[in-house]
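I opened my notebook to get to know a structure that was new to me. Here is what I looked up, one topic at a time.

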Amino acid sequence: MTLTERQLTLATLDRQLLLRRRRLDVAEAVRLVCAVQAQAPASPYVALWNRVEDFAPEELDAAFADRRIVKATLMRITLHAVHADDYAPYHAAMVRSLRASRLYDGRYTSTELTEDDADGLLTRLAEFLARPHAGADVEREVTAGFGEQGRRVWWALRTYAPIQHTPTGGPWSFRLPNTYLASSVDPEAETQDAAAGVRRLLLDHLRAFGPASVQDFARFTLLGRPVITQALSELGDQVVRVPGPGRAVLYDLPGATVPAEDTPAPPRLLPMWDSTLLAHALPGRVMPQDYRPLVVRRNGDMLPTLLVDGRVAGVWRGLDGGLELTAFHKLGKAAWRGLTEEAEKLAALLAERDPAPYSRHNHWWDKGIPGAETRTVKGR
């Protein structure tokens with residue numbers, strides 16, 4: 001039977017734990033959803049609050065502190081929180097792309113430094129970061145011999161070297177300046193592990209976001225099509241084709257299930273850059289095409305969103321001790337009732353740490369959000 005667009009939406013929500021919250025350890029929840037966007041420090045907390053029953057922020061604090069969940073630059077050259085066991089294969093999958101994004105960038109090549117100049121510091125960097133150091137200290141240590149150009153060396157290394165961010169306190173575990181720690185990954189061994197890493201990441205992507213296409217996986221990772229098609233070929237019968245509504249070929253894990261088309265989808269308040277909105281080539285699976293320019297701003301900022309019946313229906317922000325909800329179209333009483341209940345709970349959680357975690361992005365609201373309805377909800 002050919003899957004419908006609605007079923008693909010529901011499949012994404014189901015695998016992202018957004019159809020119903022589950023009682024899970026936070027590290028296991030992160031493993032199940034593949035990776036949690038962590039560009040904004042509060043986002044992993046809001047993401048898991050949406051997915052884990054009786055979510056306690058202190059549990060995520062502890063998981064970051066114990067390094068059961070690690071934060072590092074990975075997919076799409078952005079910060080993600082991933083299960084500690086997934087970091088090595090994911091970094092192996094991404095390191096070639098991460099490395100190219102910096103060493104072939106004009107900001108690095110204009111220095112006339114070579115790739116070997118940066119790569120030659122990997123061992124020294126690992127030794128220095130055997131214990132945590134702030135970025136400014138790392139820059140001084142590993143680039144002392146390059147003068148002013150040394151800043152570009154560290155700019156490159158902090159993106160592709162096998163290093164992780166370490167908690168520095170604050171309401172969401174991480175705050176500026178960033179502090180770094182070396183991982184146990186061997187950069188030379190990663191070259192041999194790259195193909196296996198891509199296969200692992202592809203399988204995990206299907207488990208967390210499938211059914212999905214080659215284009216979807218490319219969007220989620222920024223890996224090239226040849227690398228992806230090679231991984232699919234090597235995986236053989238570990239993946240299967242499934243019929244979908246469009247022209248793109250969809251892949252899934254054998255035996256994976258898709259919810260029935262009439263499955264209800266509860267309201268949710270997703271964080272900035274939630275991976276649900278970034279894991280597919282086309283926004284239509286969860287975000288209506290017309291709303292994309294309202295959510296994804298010109299500089300790439302992706303505002304925190306409201307989900308109604310599994311689709312983006314507006315945006316939210318912390319304001320005046322509560323949450324301001326802006327819907328892009330008129331919503332019915334049942335939809336507002338569900339959103340209000342969710343907003344009351346989230347506002348209460350935020351109030352204990354930071355009532356307005358995305359306040360630095362309020363300028364987008366100042367410029368005008370073309371909403372049809374706006375309501376402010378106080379915490380319980």
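The entries below go from helices to salt bridges to backbone details.

**Ground rules**

I began by noting that this is a predicted model, in which local features need pLDDT of at least 70, side-chain atom pairs count only at pLDDT 80 or more, and totals for chains, interfaces and linings use all residues. I count residues from 1 along each chain as its sequence is written, and side-chain values use heavy atoms, with hydrogens and water left out.

My helices (H or I, at least four residues) and strands (E, at least two) are DSSP runs, numbered from the N terminus.

I looked up helix α11, residues 187-209, and helix α12, residues 214-221. Their axes are 11 Å apart and the packing angle is about 105°. I noted that axes are lines fitted to C-alpha atoms, for helices over the stretch in contact, and that angles run from 0 to 180 degrees between N-to-C directions. α11 and α12 are therefore roughly perpendicular to each other. On this scale, angles under 35 degrees are roughly parallel, over 145 roughly antiparallel, 65 to 115 roughly perpendicular, and the rest oblique.

Which residues of α11 meet α12? I found Val198, Leu201, Leu202, His205 and Phe209 on the α11 side. Their partners in α12 are Asp216, Phe217, Phe220 and Thr221. Contact here means heavy atoms within 4.5 Å. The residues of this contact divide into six nonpolar, two polar and one charged. Ala, Val, Leu, Ile, Met, Phe, Trp, Tyr, Cys and Pro count as nonpolar, Asp, Glu, Lys and Arg as charged, and the others, Gly among them, as polar.

**Entry: the buried side of α4**

Next I turned to helix α4, residues 57-65, where Pro57, Leu60, Ala63 and Phe64 are buried. Buried means under 20% relative accessible area, exposed over 50%, and partly exposed in between (1.4 Å probe, protein chains only).

My reminder to myself: an α-helix has 3.6 residues a turn, so residues three or four places apart point the same way.

The buried residues of α4 pack against α2 (26-32), α3 (43-49), β2 (69-73), β3 (79-83) and α15 (333-351).

**Entry: salt bridges**

How many salt bridges does a search of the whole structure find? I wrote down 23. Each is a side-chain nitrogen of Lys or Arg within 4 Å of a carboxyl oxygen of Asp or Glu.

I picked out Arg51 and Asp274, whose side chains meet at 3.0 Å, N to O. Arg51 lies in the loop between α3 and α4 and Asp274 in the loop between β9 (268-270) and α14 (292-295), so the pair ties together parts that are 223 residues apart in sequence. Is Arg51 buried or exposed? At 3% relative accessibility, Arg51 is buried, and Asp274 is buried at 3% too.

Then I checked Asp25 and Arg68, with their closest N and O atoms 3.5 Å apart. Asp25 is in the loop between α1 (5-15) and α2, and Arg68 is in the loop between α4 and β2, so this pair links parts 43 residues apart in sequence. Asp25 is partly exposed at 41%, and Arg68 is partly exposed at 31%.

A local pair came next: Asp137 and Arg140, at 2.3 Å between the closest N and O atoms. They are three residues apart in helix α9 (residues 135-142), about one helical turn. Asp137 is partly exposed at 31%, while Arg140 is exposed at 55%.

I also found a network of salt bridges that links Asp86, Arg200, Asp204 and Arg207.

**Entry: backbone details**

Most residues other than glycine have a negative phi, and most peptide bonds are trans. I therefore kept a list of departures from that pattern.

- Leu176 and Pro177 are joined by a cis peptide bond, with omega about 0°; Pro177 is in the loop between β5 (163-165) and β6 (179-182).
- The Gly210 to Pro211 bond is cis, with omega near -10°; Pro211 is in the loop between α11 and α12.
- Arg67 follows α4 and has a positive phi near 65°; Arg67 is partly exposed at 35%.
- Leu222 has a positive phi near 75°; Leu222 lies in the loop between α12 and α13 (225-235) and is partly exposed at 46%.
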